[in-house]
Amino acid sequence: MKQREDFCHSGVILPPAAGIAPGIMPLWSGHQRTTSPEYRFDGMHRGGGEVVLWQYTLDGCGAVEIDGATLPVRPGEAFLLTIPERHCYYLPTAPGTWEFIFLGLGGPEALRLTRELRRESGSVSARYGAPETVQSAWRIIRSNLENSLTSSAAASTLAYTFMMSMVEPGAREDGEPDILHKLHQYCLVHLARDIPVADMAAFAGYSRSHFCRVFRERTGKSPHEYLLELRMQTAMRKLQHENLSVKEAAENCGFADSGYFCRVFRRFYGATPARFRLRSRR
């Protein structure tokens with residue numbers, strides 16, 4: 001199916017109430033795909049005070065120039081930058097593609113944690129693209145899209161959860177690579193079919209009961225809840241920029257019953273898949 005060349009769905013999140021200065025506050029969020037060689041941003045020419053910028057690559061590849069080095073931002077990786085700062089991020093090749101999600105965060109605690117994270121992991125890292133972090137970012141993006149953040153306190157809570165998912169990524173005690181990141185990729189590859197919890201447990205190398213316990217400890221949700229969120233996020237992306245019917249989108253994301261898919265999609269996004277696609281392409 002032919003994909004749309006470029007799109008951007010973003011918005012400004014509810015500002016903090018007067019007299020309140022939360023430690024971490026989401027300022028804006030979005031989901032974008034660009035093929036334009038003109039996509040280029042200089043960190044010293046974006047006004048409005050100190051801001052943390054997080055940007056995660058879904059597809060294609062971006063690049064960041066900082067501290068005399070050029071760093072690729074590949075799928076599964078994210079950059080963590082501050083504004084203003086001497087950096088530049090851009091689409092590095094022509095023709096090229098860069099699809100990503102992004103968050104802008106304000107507040108003294110957001111800046112402090114960002115400085116600590118970058119001292120440990122640099123400006124670009126897979127650590128910033130761990131499944132828990134990406135899932136948390138999608139929750140903010142979805143809430144922004146639905147205009148469901150009705151208070152500064154609720155917005156700040158989501159932002160704090162997002163930042164802490166990077167500060168405490170839940171590395172395994174035996175030092176092995178994070179199994180959740182591998183599991184995320186496994187689920188994406190097999191998303192069009194049924195993925196039993198037993199298969200996820202076997203992939204992770206655990207018994208089913210131990211896997212469910214560890215998974216909930218690490219993510220705060222059951223494997224079923226996690227997989228359903230992943231299916232819905234993927235379906236949202238497909239409806240936004242692929243010429244698929246609702247039935248095709250459902251099948252691509254593992255739903256044999258398109259009616260059930262529509263009901264679940266509406267529960268997540270407040271609109272039917274068809275209406276959501278029409279609204280997002282205006």
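Student: At what angle do helix H4 and helix H5 pack, and how far apart are their axes?

Tutor: Please keep in mind throughout that this is a predicted model. Helix H4 (residues 179-189) and helix H5 (residues 197-204) pack at an angle of about 135°, with their axes 10 Å apart. Since an angle counts as roughly antiparallel when it is over 145 degrees, H4 is therefore oblique to H5. The crossing in which H4 passes H5 is right-handed.

Student: Which residues make that contact, and how do they divide by class?

Tutor: On the side of H4 the contact is made by Ile179, Lys182, Leu183, Tyr186 and Cys187, and on the side of H5 by Asp199, Met200, Phe203 and Ala204. Divided by class, the residues of this contact are seven nonpolar, no polar and two charged.

Student: How is H5 oriented relative to helix H6?

Tutor: H5 and helix H6 (residues 208-219) pack at an angle of about 85°, their axes being 9 Å apart, and that makes H5 roughly perpendicular to H6. H5 contributes Val197, Ala198, Met200, Ala201 and Ala204 to the contact, while H6 contributes Arg208, Phe211 and Cys212. Here the division is seven nonpolar, no polar and one charged.

Student: What is the relative direction of H2 and H3, and what is the hand of their crossing?

Tutor: The axes of helix H2 (residues 131-146) and helix H3 (residues 152-167) come within 8 Å and cross at roughly 160°, and the two helices are therefore roughly antiparallel to each other. Their crossing is left-handed. The residues in contact are Glu132, Thr133, Ser136, Ala137, Ile140 and Ser143 of H2, together with Leu158, Ala159, Thr161, Phe162, Ser165 and Met166 of H3; by class, they comprise six nonpolar, five polar and one charged.

Student: Which residues touch the most other members of the largest nonpolar core?

Tutor: As a general idea, nonpolar side chains in soluble globular proteins tend to be buried together. In this model the largest nonpolar core has 47 residues, of which Trp54, Ile101 and Phe162 touch the most other members. H3 gives the most to this core, with six residues. If neighbours within four places in sequence are left aside, Ile101 is in contact with residues including Trp54, Tyr56, Leu58, Val134, Ala137, Trp138 and Ile141, and also with Gly30, His31 and Gln55. Another core, of 16 residues, lies apart from the largest one and has Ile195, Val197, Phe215 and Tyr226 among its members.

Student: Where is there a cis peptide bond, and which residues have a positive phi although they are not glycine?

Tutor: In general, most residues other than glycine have a negative phi, and most peptide bonds are trans. A cis peptide bond joins Ile83 and Pro84, with omega about 0°, and Pro84 lies in the loop between strand E7 (78-83) and strand E8 (87-90). Asp67, which is not a glycine, has a positive phi of about 55° and sits in the loop between strand E5 (62-66) and strand E6 (69-73). Asn147 likewise has a positive phi of about 55° without being a glycine, and lies in the loop between H2 and H3.

Student: Are Asp67 and Asn147 buried or exposed?

Tutor: Asp67 is exposed, with a relative accessible area of 72%, and Asn147 is exposed as well, with a relative accessible area of 64%.

Conventions
Residues numbered from 1 in each chain as written. Predicted model: local features only at pLDDT ≥ 70, side-chain atom pairs only at ≥ 80, totals over all residues. Heavy atoms only, no water. Axes fitted to C-alpha atoms, helices over the stretch in contact; angles between N-to-C directions. Helix = DSSP H or I, 4+ residues; strand = E, 2+ residues; numbered from the N terminus. Parallel < 35°, antiparallel > 145°, perpendicular 65-115°, else oblique. Left-handed = near helix turned anticlockwise from the far one by under 90°. Contact = heavy atoms within 4.5 Å. Nonpolar A, V, L, I, M, F, W, Y, C, P; charged D, E, K, R; others polar. Core = buried A, V, L, I, M, F, W, Y, C linked by side-chain atoms within 4.5 Å. Buried < 20%, exposed > 50% of the residue type's maximum accessible area, 1.4 Å probe, protein only.
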